[in-house]
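Subject: Structure handover

Hello,

Here is the structure I promised to pass on. My notes follow below it.

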Amino acid sequence: HVAVGPLIYWSDNAMAFDGLIVLLSVVDLVNDFASGSDGGGSAITALRAFRMLRIFKLAKKFPSMKILLSAGVQTLMSMGDFVALLFLIICVFALMAQSFFGGTFMFDPEDGSLVAPEDYRTKCPMGDGDKPICVPRSHFDTFLWSFITIFQILTGENWNTVMYDGMRATGWLATLFFLFVVLFGNFVILNLFLAILMSSFDEQRGKLHDAMESKRELTRATYTEQQRWAWESGAVAIMPGHSQQGVTPRSVVSRVTTRFTDKLSWISKMELWGNRNNEACTKRCGERSCFLFSREGEIRKACLALIGIPAFDHVIMVFIGFSSVVMAFENPLRDPKSVEVQVLQILGTVFTVIFLLEVVVKVVALGAFCNYGDGRKAYLRSFENVLDFVIVIVSVLDSIQTWFLESSGGGVIAVMRIFRVVRMLRPLRLISRSKNLKVVVKTILAAIPELRNLLVFSSLFFLIFGLLAVGNLKGSYHSCKDNTLEDYSFTRTPEITPMCIGETAISGSSETLKTMAQQASGVCPTGWEAWQRSSRDTPICEVHCEASSHASCQTSPWGYQVMRCTDCSVAHCPQNLEDQSRRESCESRCSRHEYFCKAGGTECLEQCVAACLCETSCYGLIEDAALCTEQGGKWVNLNQNFDNLLVGTIALFEISTTEGWVDVMLAAVDSRGPYLQPKRDANEFIGSMLFVAFMLIGSFFVLNLCVGVIIDNYNEQKKESDIHFVLVTDVQAAWMTQMKAIYLRRTFFSHVNVDRLGPSRQHRFRIITSSAFENLIMACIVIQLCLLLLVWQPRDPGGSMETFLNSCNVFFIVVFHIECFVKLSALYCNYFREYWNVFDFICVITSDIVSILEASIASDSTVNLSSLVNALRIFRIARLFRVVRVLKGLNKLLLAFALSVPKLFNVGLVMLLLLYLYSVLGVSLFAKVAYTGVGLYGPQANFRTFFQAFSMLIRSMTGEG
């Protein structure tokens with residue numbers, strides 16, 4: 001304001017944005033002082049989330065980020081009409097669902113049976129919230145919950161559960177409504193919304209990029225014109241302290257221009273480093289590799305000859321494959337002294353020696369750092385070789401630790417054990433030796449610069465929503481559980497639980513501890529002191545044993561005990577009681593605490609100060625949290641929570657994949673605040689709308705930008721490629737070109753010189769090439785498929801329906817045999833020149849085999865070939881693929897699929913390699929993790945063996961638990 005004045009300050013968008021953030025921060029600080037607490041305690045504390053918007057100022061420093069951010073904001077602003085349409089469609093679906101299913105979703109919590117509306121008062125008592133306990137969380141009783149449930153269905157999260165509830169409540173016709181919502185709302189409207197969103201974003205980004213390039217060119221031209229004038233007039237400024245020698249206007253312009261033009265990616269920088277002038281390197285090293293081996297030496301000549309043999313790389317690649325397979329059998333759960341472990345260690349050492357010899361041969365032949373002018377790079381001037389070198393050195397250190405230092409512990413040896421994890425990266429060496437893997441990795445690496453900018457752009461939205469969630473839901477995801485982590489009920493009357501405190505001896509130790517127990521019948525045992533908190537906001541302490549060495553922590557059942565805070569600090573932190581500066585700090589903190597001792601009171605402040613003096617071991621609890629722990633429960637936090645920004649951002653990233661986002665939303669809907677037991681629908685509007693907004697922006701928009709950026713990068717690489725193929729090798733590209741050329745042939749001659757054939761054979765040829773014959777066969781295939789739809793299990797072998805189906809099957813077998821014989825008699829050996837004829841012939845032969853096997857089963861009941869027969873019957877359905885031959889649209893789709901097979905194969909190899917790598921790493925890192933009995937981690941999902949880890953990772957890739 002002082003420099004430019006208020007008018008100019010608030011007219012500039014960037015400065016006005018800064019001013020708004022500053023004003024909101026001042027309001028937040030004033031609120032803190034006015035409330036007399038460190039955290040505020042009122043709804044206005046949510047304003048501090050706006051401080052995070054300052055991070056948008058980084059866009060000024062990074063042009064690519066500015067383009068992404070501006071394009072994202074303009075896209076969201078331009079999508080107002082379609083967002084309104086999407087909101088309207090969801091509202092229509094919600095009102096329809098409320099009309100169809102409102103008040104019908106009531107199921108007995110014990111057996112799941114449907115509760116009639118007239119019986120819900122007797123069978124469905126009211127729960128903690130305003131809903132009966134028999135109403136599921138996803139229902140259509142109110143417009144808000146109908147809206148949320150429809151949005152849940154559109155995201156695909158547990159939509160089938162809602163559909164099954166609707167079928168139980170109103171009948172099977174409910175399926176039609178839910179299928180319509182999924183097909184129209186999810187597959188059409190929502191995907192159309194995403195498509196328009198991505199298209200608009202690409203358009204806005206293109207416009208901004210062109211505008212920025214134009215501005216940059218104008219600035220460059222203006223600066224060049226100024227420098228040209230300075231050159232002609234001789235008015236060239238020389239910087240003080242610098243010599244005039246070598247400083248010209250052209251050099252100045254060149255340095256300035258470099259700032260704009262030399263924006264190289266990290267891949268380009270590596271290539272530049274690999275091709276850098278190595279005159280200085282040659283002067284130091286000379287013509288000798290490793291200062292020892294000259295070009296004319298026999299050793300270096302032999303090494304150069306060896307690496308020039310193609311079989312050398314092939315042999316190394318085979319050994320890499322064998323070593324990778326051996327790593328799959330390594331398991332930390334095996335006995336270190338077992339024969340299997342010793343064999344694996346020997347094999348690992350053998351492979352390490354082989355790979356070390358490979359490195360030595362290549363370093364001797366090529367040199368370590370200096371190029372020698374023969375067109376070959378030095379060994380360590382290639383990124384692939386650097387990766388190989390690091391992995392080999394790590395493997396050597398691991399072998400040394402395994403054979404010579406296994407009995408040592410601690411210090412450097414403990415750090416060296418980490419090398420075993422790095423050694424698991426050995427399968428990555430296959431990438432540099434396989435063309436199929438290299439083309440895919442090259443395409444992925446080319447997209448990294450754009451993805452890097454997009455990562456920063458996406459992080460901004462996650463951080464903003466994370467701060468909003470932390471400001472509104474911090475500490476609100478706790479609830480009372482029992483020792484099996486199931487819901488635990490506690491009484492809220494009286495509001496403060498009467499307790500008994502007494503000295504308890506610790507087994508195996510001479511120490512005693514003042515423990516606490518709930519009063520039984522209002523009387524304490526002899527020698528125990530009756531005590532209760534002075535108010536609901538007076539803290540009681542839960543002991544955390546992670547930072548305590550007290551003897552009681554060795555026998556505590558859950559790793560904690562409930563104690564009076566003064567007794568807890570005396571037992572676990574006696575050294576802090578005499579620290580006067582710490583005590584003064586705690587007294588000041590407790591007098592202004594956001595939750596503790598709001599009404600004051602000497603005893604409350606005493607307990608709060610005691611908890612503060614030992615905050616690492618004594619965790620203070622008040623309100624419902626204190627009642628829960630006093631009555632034998634445990635105050636447990638959810639894994640997904642918003643107690644701090646880091647954990648909250650991780651939780652948002654998890655639900656952005658649409659996995660479990662409804663559960664996190666429901667926890668927010670039930671939240672009442674820190675230290676308060678959740679209550680159903682206590683915070684339903686804010687808790688639900690926050691996550692609906694995040695799913696729309698953070699999940700559907702931001703994450704789909706990654707897909708859009710990768711697709712754009714793929715198209716750009718395809719345009720720049722000489723052969724217009726990406727993700728394929730040269731051999732695969734040639735095969736794809738050949739397939740396209742074959743498809744473009746308009747006429748296929750199954751037979752030539754038909755006029756030279758006999759009259760009978762000519763007549764058969766005209767029959768099999770007529771459209772009527774082809775349509776007849778296609779009609780038989782479709783009718784047979786319709787008859788197969790009538791098969792049900794279990795079937796009555798002697799029933800009339802079974803006899804009818806068997807007769808029809810025999811009829812169609814005869815028809816297809818006649819077709820085969822007619823074509824064979826007309827075409828002879830030319831019949832097998834067409835792939836579809838070969839396919840038909842295999843189906844006919846298979847039907848004969850099935851008939852023979854069925855006859856064998858019928859004559860001999862001891863022969864069990866039913867599994868084989870059922871497998872061969874699949875070829876009846878396989879005949880339906882002949883429809884592709886007739887329908888041109890399906891034929892084109894089949895060709896497109898065939899042409900994409902090489903790309904899918906290469907990408908599949910990379911995915912398989914990554915799955916293999918992560919499976920081996922998972923076994924090495926998490927094989928010793930114990931089953932908790934809670935959650936999905938258990939006998940069916942774990943990292944205890946390679947195959948279990950591999951199957952669990954595939955399961956995780958599908959997006960399911």
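Three strands make an open, antiparallel sheet in the order β6-β5-β7. Its edge strands are β6 (562–563) and β7 (618–621), each pairing on one side only. Strands here are DSSP E runs of at least two residues, helices are H or I runs of at least four, and both are numbered from the N terminus. Two strands pair if DSSP finds at least two bridges between them. β5 (residues 540–543) and β6 pair in the antiparallel sense over two bridges. In β6, Met563 is the bridge partner of Cys541. Helix α23 packs on this sheet and touches β5, β6 and β7. The direction of α23 makes about 60 degrees with that of β5. Axes are lines fitted to C-alpha atoms, for helices over the stretch in contact, and angles run from 0 to 180 degrees between N-to-C directions.

Before the rest, the ground rules. This is a predicted model: local features need pLDDT of at least 70, side-chain atom pairs count only at pLDDT 80 or more, and totals for chains, interfaces and linings use all residues. Residues are numbered from 1 along each chain as its sequence is written, and side-chain values use heavy atoms, with hydrogens and water left out.

Confidence first. pLDDT is the predictor's confidence in each residue, from 0 to 100. The chain averages 76, and 77% of the residues score at least 70. Over residues 235–277 the pLDDT is below 50; beyond near neighbours in sequence, this stretch has 34 contacts in the model. A contact means heavy atoms within 4.5 Å. Residues 39–44 also stay under 50, with 13 contacts beyond four places in sequence. Where pLDDT is low, the predicted coordinates should not be read in detail.

Now the whole chain. The secondary structure comes to 36 helices and eight strands. Of the 961 residues, 40% count as buried. Buried means under 20% relative accessible area, exposed over 50%, and partly exposed in between (1.4 Å probe, protein chains only). Take the contacts between residues at least 6 apart in sequence: 68% of them join residues at least 24 apart.

There is another three-strand sheet to look at. This open sheet has the order β3-β2-β4, with antiparallel pairing. Three bridges join β2 (residues 499–505) to β4, and the two run antiparallel. Met499 has Trp531 in β4 as its bridge partner.

Two helices pass a length check. The expected span is 1.5 Å times one less than the number of residues. For the 22 residues of α15 (residues 383–404) that gives 32 Å, and the end C-alpha atoms are 32 Å apart, which agrees. Buried residues in α15 include Asn385, Asp388, Ile391 and Val392. For the 26 residues of α19 (residues 448–473) the span should be 38 Å; the end C-alpha atoms are 35 Å apart, which agrees. Gly475 follows α19 and has a positive phi, near 75 degrees.

Some single residues are worth a look.

- Gln631 sits in the loop between α23 (623–630) and β8 (634–637). Gln631 counts as buried because its relative accessibility is 12%. A polar atom of its side chain lies 2.8 Å from the backbone oxygen of Thr491. Leaving aside neighbours within four places in sequence, Gln631 is in contact with Tyr488, Phe490, Thr491, Thr497 and Gln518.
- Gly648 is in helix α24 (residues 645–656). Its relative accessible area is 0%, so Gly648 is buried. Gly648 and Leu468 are 180 residues apart in sequence, yet 9.8 Å apart in space, C-alpha to C-alpha. Not counting residues up to four places away in sequence, Gly648 touches Asn641 and Phe642.
- Glu623 lies in helix α23. Glu623 is not a glycine, but has a positive phi of about 50 degrees.
- Tyr828 is in the loop between α30 (800–827) and α31 (835–859). Tyr828 is not a glycine either, and has a positive phi of about 60 degrees. With a relative accessible area of 47%, Tyr828 is partly exposed.

On those last two, the background is this: most residues other than glycine have a negative phi.

Best wishes

Note on methods: A polar contact is a pair of N or O atoms within 3.5 Å; within protein, one must be able to donate a hydrogen and the other to accept it, and residues adjacent in sequence count only if both atoms are side-chain atoms.
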